[in-house]
Structure formats: C-alpha cells, structure tokens
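Welcome! Please take a look at the structure below before reading on.

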Amino acid sequence: MANPNKTSLFIINHVFMPPKRPQEDDLDEESEEALCDVVYEAAREFGDALPNNERPRWNVISRLLERFVATHRGMSLSKDDIADSLQSAILGGEPIVLLFFKIIAQPHALLDSLAFLIRAQNAGVTIRKGSTSAVFEAFEVSSPNEAVMETKGRLLRSFPDPAIQIPLHVFEDHKFQVELARFLAAMDADTLDSAPVTVKSEATISEIRDTAHPRYITQLLTEILRGMGEAAEVPRITKRVADDVLWLDAYAPWRRSAIWLVLRVALQTTLVRQSKGQQWYKEFMAFLHARILKSSLKLNLPSWLIACMQRKTARRLSKLCTSAAPFLLQFIPDVVAQAESLLKERWEAVQDIQAMSLDSTWAPKTLDILADTGLSLHNSRDYISRTLNDPPRQPPKKPSLSNHPRRSVGLASIFQSKENLASAFKSEDKLTALADFERAVLTDLTDWVSENLLDSGGCVRIGGCIEIYFTSASTVYSSNPELLSIMILTLFKLWVELDRLAVAQTPLLKTFSPEIPPTLLHSLLLRTSESIKALDYVENYLKNRHSNSVPGRSVFAYSVGPSSFAGQYFDCSQTLQALRGKIEETAKLQREKKIEELQELKTKHQSLLNAAQELEHQYVNRFHKGKMVKVNAPQCERCKLENKAASVQIEVHEWPLPQDPWEAKAVVFELSPPNTFVIWRNITYMLLRDLCIPDSATFPREPHRINPA
C-alpha cells in the first residue's frame with residue numbers, strides 16, 4: 001500500500017511545482033495512479049456542481065478520465081485495456097436516443113474522447129470520435145533536457161502536433177481496433193532507436209536520463225493512419241509548460257510527471273471545442289488545486305509548502321476574477337481561509353514556544369562577557385601588521401557641484417521638453433538628475449495637477465515623463481533595492497496624478513477599477529519622511545478610487561457588454577455614434593456597388609459560356625505512347641472562352657463592423673478613443689506588466705518555443 005505522505009508529496013510537487021522539489025526521479029506506480037484518481041474524482045465533483053443543463057457537455061470529460069484511469073493502471077499499457085477503451089468509445093457511454101438527437105442537431109459534434117500515454121516513445125495520443133469520423137492527435141510529452149535547461153522560465157509549446165481523421169466505419173472495425181491496441185501496447189513497452197544514446201568508455205549506451213524522440217507515434221502512426229484517411233484541421237492550444245531537470249547524486253533526474261501533462265492537454269484540447277471550454281478548463285484547474293490543498297491540510301506538511309499551495313490556488317482564482325462559477329467563489333476562498341488559519345495557528349505556537357524559552361533560559365549573570373567577545377585571529381597577523389604600517393592615505397577630494405545638471409527649477413522646465421529630460425537622464429551624473437526629478441514629482445506635482453486638471457496636454461506630458469523616467473531609472477537603479485523603491489514610489493505618484501487628470505477629463509473612468517491594488521507598495525524600502533508621506537498619499541488615493549468604483553468593472557475585461565468602458569462611452573458620445581453611422585452608410589454603399597458588380601460579372605460569365613456553347617472544339621492529332629490520339633488544339637476558341645469564363649472573379653465584401661452590437665461599439669470606440677484614456681490605459685498596463693511582473697523564471701519575457709516533432 002502506498003505511503004499517503006509520499007503520494008501526497010508526489011501530487012503536490014508535480015501539480016503545484018513548489019520552489020523546493022526532489023533532486024532525483026520520484027516516479028512510481030502508486031503515486032501516478034493516485035494522481036489520476038485525484039483528477040478523476042475532482043472532475044466528477046466539478047461536474048456535479050455544474051447546472052443541470054451543462055452537465056451533459058461535461059460528461060465527455062468524465063468519461064475520458066474514467067477510461068484514462070482504467071487504462072493506465074500500472075506502468076505499462078495492456079492491449080486488452082486499450083481495446084476495451086476503443087470498444088467503449090463506439091457508443092460513447094450515452095443512450096442511443098440522446099446520441100441520435102445530438103448527431104441530428106450537430107452533425108460534427110464531439111461524441112467521445114480517449115487519451116493514452118505511450119511512455120517508451122515519450123508521446124501522447126488522443127482519439128476524438130465524432131458522428132462521421134475519428135480524429136487521432138499525437139504530441140511529444142516531455143521536452144528534451146537541453147530545451148528545458150537552456151530556457152529561462154517556461155516552455156512555450158503548441159498541442160497537438162499532427163492530426164489525422166479516418167472514417168468512422170474504419171475506426172469502429174473490430175480488426176482495426178485490435179491492431180491499433182496491439183501497436184500502442186507494443187510502442188509503450190519497447191525502447192527502440194528513438195531513445196537517446198551517449199558514449200561512455202568508447203561504448204554507445206542508452207541515455208536513460210533524457211527523453212525519447214516521439215517519431216514512432218507522431219510520424220509512423222500518423223502516416224499509417226493517413227493511408228486510411230486524411231490530415232485534419234483541429235483547434236490547437238498553446239501552453240506555457242513549467243518543467244525542470246533536477247539532479248543531485250542521483251541515478252535519474254527529477255522531471256515533471258508525463259502523465260500529468262497528458263491529462264492537462266487531453267482536458268484542454270477537448271474542452272476548447274466547446275463554447276465555454278476554455279473557461280471551464282481554468283475553473284476546473286482552480287478547483288483541482290483547491291481540492292488538493294484542502295486534503296493536504298490534514299497532513300503534517302511544512303508551513304512553507306502549505307503557504308506556496310495557498311498562494312498558487314488564490315492566484316488561479318484571481319485570474320478568473322468575477323467570471324468564475326458561483327460555487328468556486330465560495331469553495332476556493334473557504335479552502336484558502338482554512339490554510340491561512342492553520343498557518344496562523346502554527347506561527348502563534350512558534351511565538352509561544354519562543355516566549356517560554358526566553359523566560360526560562362535568560363540568565364544574564366551567567367554570561368562570560370570577556371570569553372564571549374574574545375577573537376582569535378590566528379592567520380591575520382601579517383595582514384593587520386601590513387595595514388597598520390602603511391603610510392596614511394590622502395583624503396579624497398570633494399566633488400565639484402558646479403557642473404551637475406540640476407533640474408530643481410520646477411516642473412515647468414521639466415514639462416517644457418521631453419528631449420531635455422531624456423538628455424539629462426543620459427548625462428554623466430545620472431543619479432543627480434534622477435534625484436532632482438524625483439524630488440520635483442514628490443513635492444510639486446500635486447499642486448501643478450490641481451491647477452491644470454482640464455488641460456488636455458497634461459496627460460501627454462505626465463505619460464511621456466513616466467516612460468522616459470522608467471526607462472532611465474530602471475537601468476541606473478537595477479542593483480540597489482532602496483533606489484528601486486524610490487523609483488517605484490515616484491512612478492506610482494506620477495500615475496496617481498495622471499489618473500486625476502484622466503478622471504477629470506473622462507468622468508466615466510471614475511466608475512471603473514484603477515487596476516492597482518492599494519497594498520501593492522507595502523514592501524517598499526523607504527527612509528525619509530517625505531517618501532513615507534508620498535506613499536501614504538498614493539495608498540489613500542488608491543483606496544478612495546477603489547471605493548468609488550463599481551465592483552467588477554475593469555477596462556481590461558475580456559468580455560464586451562453593457563458594463564464595458566467602450567460600450568458605455570459609446571452610448572454617451574455623439575461623435576462615436578456619428579462615426580458608426582458613417583461607417584455603416586459607407587459600407588452599405590460599397591455593398592450595393594458590390595452587388596451591381598456581381599450582377600455584371602455574372603452576366604459577363606454567362607455570355608462567355610453562351611458564346612462558347614455556339615462553337616465546336618478544335619482538335620489536332622498527336623502521338624502519345626506510340627499511338628495517334630486526338631487532343632484539343634492550342635488555338636481552340638471554345639477553350640479560350642471557357643477558360644476566360646472560369647477566370648471571372650470578384651472580391652468578397654466584408655462588413656466592417658461585428659454583428660454583435662456591443663462588439664461593434666467597441667470597435668468604433670477603438671477607432672477614435674479619447675486621448676486621455678488611451679494614455680491612461682497604456683501607462684497603467686505598462687506599470688502592471690513591465691514593472692510589477694518581474695523578469696524571472698516564473699514570468700519569462702521571451703518563452704522558448706519548442707518545434708513540433
């Protein structure tokens with residue numbers, strides 16, 4: 001029987017990817033089976049929580065995972081289990097009447113899905129059964145060690161690789177299923193020449209520490225299937241795959257579970273075919289993480305590990321925002337709160353023990369001050385003697401301040417020219433120029449904005465200063481946390497004043513979230529009272545902005561509707577409404593002209609065909625393979641007319657605006673948005689993306705793209 005702590009740690013390490021992970025391969029049969037069971041049980045609970053009208057669509061996922069669990073019992077696939085899964089996919093686990101109506105309603109609907117991990121070939125296979133055909137998709141599972149180790153951050157991968165569809169009657173043929181099951185079982189067990197090799201002591205041996213090339217699945221199997229069908233156009237997904245190669249005094253390195261990747265790819269590529277599929281996938285992943293976290297609270301796991309799981313679970317829910325299902329908005333915060341309560345209890349226990357130890361062991365009279373402060377520097381005599389005997393050095397000369405590019409003359413000179421500001425930041429004494437700018441922003445900017453609230457150029461000036469200052473200060477301050485804190489405070493003080501201008505000139509913006517949390521700047525390292533007062537001003541402003549905004553409204557929301565900024569601004573703007581009318585009127589005129597053009601071309605096409613019908617084909621005799629044959633003459637007039645008729649073409653006229661009215665309003669808004677809003681949105685996104693998301697392994701700027709096998 002598997003050790004519960006061992007299997008739980010296996011699931012946590014491979015699902016949550018905590019910062020501290022094993023340094024050797026931890027793959028074993030019981031742990032992988034436990035991981036599959038956890039995912040399957042979570043899928044069943046998630047389906048039960050969905051509304052009744054949505055559960056039938058989730059049943060495809062439940063059946064996929066049920067067969068996956070049954071097939072992958074053990075470390076190798078059985079041809080009998082594979083054949084049973086293929087046979088069970090014929091009816092899809094649903095009543096015949098329901099399947100009949102599903103086929104009538106959606107002739108190309110997805111009826112069932114299967115997934116297999118072919119371990120020895122490092123490949124995954126998914127089979128999707130539709131009403132008229134079956135689609136086979138293959139992909140590489142674990143990326144090569146070299147790609148994982150040389151990539152900073154996550155791997156950017158596309159799934160699946162090749163996709164082939166075959167007629168349904170071929171897939172449902174018993175002989176085909178038996179041979180397919182035998183092939184997959186053999187590929188899962190046999191290590192062929194696709195495995196990597198290495199040379200040791202002038203001998204070539206298999207390299208078990210690296211991954212195999214999946215060509216026997218992604219190339220051989222797909223080409224065999226192509227002979228029975230054809231290439232299929234399928235929806236593809238792009239995933240940022242986190243993986244690692246960890247190896248310390250071990251036989252084989254730690255790699256993220258291949259079966260976990262196959263499960264995720266199978267789920268997402270299946271759900272992406274449905275209307276709410278992508279949303280469901282994100283919601284299910286958040287639910288699965290929360291469920292694992294809840295079960296882990298019963299185990300005696302380290303506090304740092306529980307805290308890591310808690311934060312990653314909360315982050316998944318925060319990405320969903322208010323679009324998450326109601327039961328998730330209740331379940332996940334409850335689990336996160338339970339974890340927080342456990343961590344708080346542990347910390348209070350540590351504090352109590354520390355207090356007791358101080359009360360019982362503090363005995364100052366027993367301390368030997370002389371013995372405890374005596375230092376033995378056995379190897380430092382030469383260095384100390386040489387230092388004491390060196391001649392005294394001349395004190396350094398005080399720097400001259402006459403040539404420093406002081407810019408403390410006021411904000412008027414700063415806003416006068418962005419080029420002057422940029423050149424000051426590029427001068428020899430960058431620190432002085434940056435410090436003068438920071439002082440002016442922290443002390444004078446608020447009054448300047450109050451006097452120029454309705455100045456349309458104010459946002460342009462402050463936005464330009466933010467871009468120039470951020471570019472210069474982030475380079476100069478890169479190695480100093482205290483100066484970086486001053487930079488961050490200055491940037492958000494500039495943003496606050498930019499927001500004041502934008503709200504004054506675009507009042508609708510006040511009802512939308514400022515997007516910046518009030519607690520974002522809590523970790524800054526500030527020394528001066530001036531900086532602390534500025535921080536207090538920024539945080540109080542953010543709190544007031546959040547309290548005055550309508551909950552759930554965001555200018556960066558994915559959906560477009562009555563509550564979106566673009567839609568509401570359009571309804572209040574006569575200029576945009578007139579622009580939409582002009583676009584639609586122009587489109588109507590173009591469409592009428594296009595219809596007239598179509599009628600003319602149809603008439604021309606028909607007249608050419610009629611003229612060709614009145615003529616006879618002209619033939620000439622030619623020798624072909626030793627025989628005299630009759631072929632069309634190159635100058636045949638009828639052929640020329642027919643070819644000319646076939647070449648008649650017309651360009652398609654596309655309506656310039658979407659059919660959905662709110663999407664149409666959003667498109668018109670983006671054609672002519674208010675300039676203050678554009679600057680505010682661009683600067684806000686720049687600060688949130690370029691400043692607040694670190695350029696680290698967790699959030700890579702340039703993911704490494706893996707070429708498909």
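Predicted model: local features only at pLDDT ≥ 70, side-chain atom pairs only at ≥ 80, totals over all residues.

Residues are numbered from 1 along each chain as its sequence is written, and side-chain values use heavy atoms, with hydrogens and water left out. A search of the whole structure finds one cavity of 30 Å³ or more, and the structure holds 28 salt bridges.

**Empty spaces**

- Rolling a probe the size of a water molecule over the atoms shows where empty space is left.
- On a 1 Å grid over the protein atoms alone, a cavity is a set of points where a 1.4 Å probe fits but cannot get out, whereas a pocket is an open set with protein on both sides within 12 Å along at least five of seven lines. Lining residues have an atom within 4 Å of a point.
- Grid points are joined across faces, edges and corners, and a volume is the space filled by probe spheres set on the points.
- The largest cavity has a volume of about 80 Å³. It is lined by 13 residues, and those closest to its centre are Val141, Val241, Asp243, Arg256 and Leu261.
- Helices (H or I, at least four residues) and strands (E, at least two) are DSSP runs, numbered from the N terminus.
- The lining of the largest cavity has six nonpolar, three polar and four charged residues. Here Ala, Val, Leu, Ile, Met, Phe, Trp, Tyr, Cys and Pro count as nonpolar, Asp, Glu, Lys and Arg as charged, and the others, Gly among them, as polar.
- The second largest pocket has a volume of about 810 Å³. Of the 31 residues that line it, Leu27, Arg119, Ile208, Asp210 and Thr211 lie nearest its centre.
- By class, 13 nonpolar, eight polar and 10 charged residues line the second largest pocket.

**On the surface**

- Leu375, Leu377, Tyr383, Ile384 and Leu388 make a nonpolar surface patch of about 600 Å². Patches are made of residues with over 30% relative accessible area and no salt bridge, with like charges joined within 9 Å and nonpolar side chains (Val, Leu, Ile, Met, Phe, Trp, Tyr) within 5 Å.
- Accessible areas come from the Shrake-Rupley method with a 1.4 Å probe, and for residues only the protein chains shown count as cover.
- Ile384 is partly exposed at 37% relative accessible area; buried means under 20%, exposed over 50%, and partly exposed in between (1.4 Å probe, protein chains only).

**Along the backbone**

- Between Phe159 and Pro160 the peptide bond is cis, with omega near -15°. Pro160 is found in the loop between β4 and β5 (163-167).
- Met17 is not a glycine, yet it has a positive phi of about 50°. Met17 sits in the loop between α1 (4-16) and α2 (29-49) and is buried, at 11% relative accessible area.
- Asn122, also not a glycine, has a positive phi of about 55°. Its place is in the loop between β1 (110-118) and β2 (123-130), where Asn122 is buried at 7%.
- Gly552 and Cys321 are 231 residues apart in sequence, and 8.0 Å apart in space from C-alpha to C-alpha. Gly552 is in the loop between α21 (529-548) and α22 (565-572) and is exposed, at 59%.

**Salt bridges**

- Side chains of opposite charge can pair when their charged atoms come close. A salt bridge is a side-chain nitrogen of Lys or Arg within 4 Å of a carboxyl oxygen of Asp or Glu.
- Asp571 and Lys665 meet in a salt bridge (2.8 Å, N to O). Asp571 lies in helix α22 and Lys665 in helix α25 (residues 661-671), so the pair ties together parts that are 94 residues apart in sequence.
- Asp571 is partly exposed at 38%, whereas Lys665 is buried at 12%.
- Lys594 and Glu597 form a salt bridge whose closest N and O atoms are 3.3 Å apart. Both are in helix α23 (residues 574-613), three residues apart, so about one helical turn separates them.
- Salt bridges that share partners also join Glu33, Asp37 and Arg73 into one network.
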